[in-house]
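Me: I'm new to this one and would like to go through a few spots with you. Could you show it to me before I start asking?

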Amino acid sequence: MTRALRTARYGAILTFVLAGLMVGTMTVRIPAMTDKLGLSDSAVGTILLAWGLGALVTMQAMRGVMARMGSKAVLRIGGPLTAVSMLGIAYAPTLPWLLAAAALFGMSFGIVDVAMNAQGSTVERAAGRPLMNGMHAGWCVGAMSAGLFGSLSIALGLSMTANLTIMAVICLPLIVLIGRTYLPDAPASASAETRVRHRMPPIVYLLGAIMFLAFMVEGVVADWNGLFMRDTLGAPEAVAALGYPVFELGMLLARVTGDRLRARFGVKGMMTASGLATAGFFLVVLTAPTPVVALAAMFFVGMGVATIAPMTMSLAGTSTAQSGPAIAQAGAMGYAGLLLGPVVIGFLSDATSLHTALGLAVVLGAMIALLARFLPRPRAFGASREEERELAHAA
């Protein structure tokens with residue numbers, strides 16, 4: 001790996017770290033946000049919906065933008081904009097202003113999410129081996145660091161406004177400097193740009209469907225696992241709160257090793273195993289006799305689901321001549337699952353029980369394993385041209 005390529009790889013990883021840091025900082029201070037403006041639970045839900053819809057809208061709209069501008073140029077705009085938009089959340093004086101700021105933050109993040117995955121795909125292609133899992137591990141590091149810094153800020157008595165301001169001031173110059181490390185995308189042909197305006201190859205929609213299912217699992221764990229452990233398993237509040245960090249730790253460890261496993265076992269086999277592991281270990285969570293057993297199983301659920309989104313992003317990036325638009329399409333489908341999953345669980349829980357509703361996660365894992373059987377069987381990523389040929393043939 002050349003020095004320039006190594007620098008680009010580290011730049012992509014650090015972009016994922018900063019993205020996780022900024023989003024994690026916003027979410028970890030939501031309780032302080034409610035106290036500052038006296039918000040109800042429904043108002044908080046509306047704010048999160050505005051954030052999620054903002055991200056979803058820009059992800060869907062990024063297909064044409066990515067085809068024209070490429071990930072390098074888009075990241076140099078979206079990264080600083082995300083950092084600046086954090087200040088809007090920090091200083092919003094009323095709920096309407098906060099809704100507008102949350103939507104802007106979500107739209108900015110949507111730009112960054114698509115572009116950083118496209119940049120990761122560009123680096124992967126240049127390196128000729130799988131690297132995307134390691135980049136997504138950077139997101140886990142950023143999100144976990146945001147939690148630690150948020151806890152420290154609370155212990156020191158820092159307000160939500162101060163916490164978000166400090167993070168924005170730190171991230172803004174860093175994201176600008178990292179912008180110098182990005183690789184330019186492969187130039188688009190006129191025919192490729194024309195195809196972008198129309199329908200993507202079928203393989204992109206299959207990958208988007210798999211990501212949709214994986215992100216539904218992540219959303220279910222993030223929003224409902226703590227409540228399940230407290231109300232159904234009888235765990236103390238402090239123990240129930242450990243469910244999501246334990247899940248994230250499992251994701252981090254899986255992503256650190258995921259690229260090597262992918263190169264050895266291939267995408268199709270690894271994704272099938274990941275889906276089955278997600279389903280199997282979530283079933284253990286639901287049947288756990290004690291909270292400790294459920295926590296241990298949640299760690300392995302995180303390991304199971306962790307590599308699915310990075311692999312789908314990576315394959316979407318090699319499925320067409322233009323990686324950015326394909327990643328934008330698959331990513332938009334995936335984040336729809338992140339928004340829809342918790343909502344579906346809420347409705348099912350009202351109709352049955354939370355324990356029964358969470359059985360949906362088991363079904364989702366099994367569906368991931370099933371859909372993975374329809375993927376082409378590329379050989380090790382070291383022969384990236386071969387993988388691209390097989391994906392193109394499947395399309």
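Me: Which residues does T161 touch, not counting residues up to four places away in sequence?

Reply: Bearing in mind that this is a predicted model, T161 touches K36, A90 and Y91 once residues up to four places away in sequence are set aside.

Me: And where is T161 found, in which helix?

Reply: T161 is found in helix α6, which covers residues 160–178.

Me: Does T161 count as buried or exposed?

Reply: T161 counts as buried, because its relative accessibility is 15% and the cut-off for buried is under 20%.

Me: Changing topic, what is F281 in contact with, leaving aside its neighbours within four places in sequence?

Reply: F281, which has its place in helix α11 (residues 267–287), is in contact with A297, F300 and V301 when those neighbours are left aside. At 31% relative accessibility, F281 counts as partly exposed.

Me: How many Å apart in space are F281 and M303?

Reply: From C-alpha to C-alpha, F281 and M303 are 9.8 Å apart, while in sequence they are separated by 22 residues.

Me: Now for helix α12, what should its 16 residues span?

Reply: Helix α12 runs over residues 291–306, and at 1.5 Å a residue it should span 22 Å, which agrees with its end C-alpha atoms being 22 Å apart.

Me: Which residues are buried in α12, and what do the buried residues pack against?

Reply: The buried residues of α12 include P291, A294, L295, A297 and V301, and the helices that its buried residues pack against are α5, α8, α9, α10, α11 and α13.

Note on methods
Residues numbered from 1 in each chain as written. Predicted model: local features only at pLDDT ≥ 70, side-chain atom pairs only at ≥ 80, totals over all residues. Heavy atoms only, no water. Helix = DSSP H or I, 4+ residues; strand = E, 2+ residues; numbered from the N terminus. Buried < 20%, exposed > 50% of the residue type's maximum accessible area, 1.4 Å probe, protein only. Contact = heavy atoms within 4.5 Å. Expected span 1.5 Å × (residues − 1).
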